[in-house]
Structure formats: C-alpha cells, structure tokens
Amino acid sequence: MASTVAMVQQGTFFANMIHHDNPSMDSDWGVAVFPSADPKLNDVTYCNCDVLTIPRGAKHKKEAFEFIAFVNRQDEMEKLANLGCKISPLVKVTDGFLEHHNNPYIRVFDKLAASPNAHPTELVPILPEINDELTSFTQQLILLQVTPEDGLRQVQERLQQKYDRFMEDQRERRSLAF
Amino acid sequence: MRGMAFLSPWLIGFFAFTLIPIVMSLYYSFCDYSLLQPPLFKGLQNYRLLFRDPVFWKVLINTAIYAAMALPLGLIAALGMAMLLNLKIRGQSIYRTIIFLPSLVPAAASAMLWLWLFNAKLGLINVVLRAVGFVNTPGWLTDVHWAMPALVLMSVWGIGNTVIIFLAGLQDVPRELYEAASIDGATALRRAWHVTLPMISPIIFFNLVIGIIGTLQVFVLPFIMTQGGPARSTYFYTMYLYDNAFSYLKMGYANAMAWVQLLIVLALTALAAWSSKRWVHYQGN
C-alpha cells in the first residue's frame, strides 16, 4: 500500500485495508494461494475465526444468547462477512453472496477454507517464542541479511531445540508426579 | 522489644519485598519454573543454556553498544548543559526549568512523541533534514543501521536529572580557585580543565555509576518504540529478560539472566570504583 513491496501474506480482510488506506489501488491488486513447503499439497492454509462466548457469571445470559443467535443468522452473518471482506463461516451461503461480494477474490479464500489442507493454528506450548523468532527472521529477510533457506533452517533448529527441551521438562515433571 | 516494634514496618518490608524475593530469585534461577507449575530444580541448566543462546549474546552486545554510546554522550551533554546553565545570564531559572522539564514527562508519553519525530516520512526530524537539502533521509527506527543511534540520541532528551546534579556540583566549586587560576593567567578552557573538572570529579563519578546501571537496564523506550526491531537491532538485555519472564513464562531462565546482569553491573561498577582512585578528587584530599 506504500508502493514498496510487491506482495504480502495476508487474510481476506486486507481488501478493506487496501480500500481504506490506498483506494487508488482498488483495481490494481490480486490474490493467489500461498505455495506450500510440501509441493504435493495444494491449498494449504491456516483458518482461524472469532468466537462469541457467554462468560460464566454473565448477568444477561438470555440476551447474550439471543445476540449470538442474531449474529449467526445467515443474512446477518453474510452482511457482516461482506462488510469485512471475509468469507462466511456458515456451511451454506445464499445465491449471489460470492457473486456480489465486496472482496473481488472471495472465491479464492472460500476455496481455501473448504480445502482439506486448511488447518487451525496449531496449539504449541512455545508459540510466543515461535512468533518472535519468525518476526525476527522475517525482518532479517526483508533487510536481505539472510537467505530464506538459511534463515528458516536456523529458526527451525532453534525452535526444535526449545520445543524438545519443553517436552523433556514436561516428561520429567510427569515422571516425578508418579 | 519496643525498638523492634518501631522497626517492624521496615523489617517486614525488607524481608517481604527485598530479601525473600532476592533469595527466591536466586533459587528459581536454578529451576524450570513457568508460574503455572511448581518449580523443578535443574541445577546449572539455565546458565548453561544462556551462554549457548545466540539471542542472549545478541542482546548483550546490543546493550553494550547502547551503553558505550549513550553513557558518554549523556554525561558530556549533561555536563555541557550544566556549565551553560551555571552562567550568570538573564532568564537563568527559565532555562533551567526548560532543560529539566523533559525529565518529568512519563516515558510512555516521550516514546509516543519521539515515534512521531522519528517517523521516516512525516517526522519533524526528516522534514527538517529534507528542507536543508538532505535527499536520502534515514528511516530512523525502521532502519537497522539508524535505530540504535536514534535511541541513543533520544536518551539525551532525559538528561535533566543529571544536569541538576552537575549544576549542584558546579555551584559547590570554590570561587577563589577560579580567581587564583585567573590571576595566574589561565584561560576559560584551562580553568574548566584544571579547576572545574577535578573539583566536580566525585559528581562525574556518581553520574557515571548511575549511568552504567541505567544504560545496562534500558527497557521502556525501545520496548514501546521498536519492540527490539528491526531484526533485533534494538533488542536489549532487559527486554529479552522480560520476554522470557512474561511472554515465554520461563521464570527460571529470566532469573538466571537477572543474576548475570547483576554480576555484569557489579563488575563494571567495581571497575569504575577502582579507576576512580586515579581521577576522582575529593575536597580535602
């Protein structure tokens, strides 16, 4: 959007950000599926979603449930998804939802979400460290301080060591508990 | 008994908030401890891992570079400013207030202000640089080569406290020494070198020690402004310690880092104290 990078890895909502921050780009961008590290797999992606919950002890449970039911009505969910340039999380969509969607590439995202290779973000006990390592690696990559192969190998080695150590500690704790 | 009762507020505070946490911190530094599970004693494992951790060496080097730049710059700027503020000029108290004011600004507010000043496109610094003819202005906080100097430059903003201490020291220098030096034909520069600096050397030593401790614990401003980036170029020791403690929940590792940091600060302070015998002159000595 600042005309400095050719591509970014982003989600459906980015269409809105482009429109908001640089409307002159509205007809000058496209979407493609990110390649997988395993060339045998197609349409690999992470799928996450926001979850509405009623916390324990909530004073207005009935109203909260009604609100959740309202948001999950097909017409309201599609309205919300359309405004956010996102796909609908519901199994079925109404006729014309994809055709008249605000995000011109919504079909790419919809296909990805339906892919058998779409996964939720893994639950990893060292996730904050993974995030920080990958952030640092990404910045080094942008600054051309490291090649993708070398950088990813180093990150993989460091994180594998941390993960193995964490699991070893957990095994030790379990053995002591018995 | 009554004496102990009078002492008890301090004793309780000292044991509960100082001595016991220090001892627990030392114990935890030998443990795997996540706060969520009981500590598991691991001997020297945290210390061994620490010295094999490339990020530990990175933050240590970053902190040393920052201290090596910010400490002398801060001391020289503060001393120069104090000398100027010590001149008998009109509006002296106004200038003193202006210099001290930034020290009263909360660190988070200063960080937001400087984030704007250092903004590569719209920041005042680059706007002025472009106005005076610089074409390729630095990206400052987004540039791996300029992020550290930017933080060092910014550190000068908060020298008000040091200036005040220097000013107090300067006002304590006996006038007759200057008069005697002037009668002997000493220029202003020689008076500053041979009278002012030796006479305020205890103040310089004090500010040096405080500066060593402060710069080795730099945290708030880079934490808010750069989060250690770009590419960990402004990732400092205390930030990594904080991340280990509160992001990764590795309290044992963080405590080991804290003890290593304490030893480094102690060693540098001891070095400064040892060297002070050669250059610090106390009145009467």
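Across all chains of this predicted model, a search of the whole structure finds 23 aromatic pairs, where rings of Phe, Tyr and Trp (its six-membered ring) pair if their centres lie within 6.5 Å. A pair of aromatic rings is described by the distance of the centres and the angle of the planes. Planes under 30 degrees apart count as stacked, over 60 as edge-to-face and the rest as tilted.

Trp114(B) and Trp157(B) form an edge-to-face pair, because their planes stand at 80 degrees, with the ring centres 5.7 Å apart. This pair links distant parts of the chain, 43 residues apart: Trp114(B) belongs to helix α5 (residues 107-117) of chain B, and Trp157(B) to the loop between α7 (147-155) and α8 (160-171). Helices are DSSP runs (H or I, at least four residues), numbered from the N terminus. Trp114(B) is buried at 12% relative accessible area, whereas Trp157(B) is partly exposed at 28%; buried means under 20%, exposed over 50% and partly exposed in between (1.4 Å probe, protein chains only).

The rings of Tyr242(B) and Phe246(B) are tilted, with planes at 45 degrees and centres 5.1 Å apart. Both residues lie in helix α13 (residues 237-247) of chain B, four residues apart, about one turn of the helix. Tyr242(B) is partly exposed at 29%, and Phe246(B) is exposed at 55%.

Ring pairs also join Tyr27(B), Tyr28(B), Phe30(B), Tyr33(B), Phe41(B) and Tyr47(B) into a cluster. Lys250(B) lies over the face of Tyr253(B), 5.7 Å from the ring centre (NZ of Lys or CZ of Arg within 6 Å of the centre and within 35 degrees of the ring normal).

Residues are numbered from 1 along each chain as its sequence is written, and chains are lettered from A and ligands numbered from 1 in the order in which they are written. Local features need pLDDT of at least 70, side-chain atom pairs count only at pLDDT 80 or more, and totals for chains, interfaces and linings use all residues, while side-chain values use heavy atoms, without hydrogens and water.

Conventions:
Helices (H or I, at least four residues) and strands (E, at least two) are DSSP runs, numbered from the N terminus.
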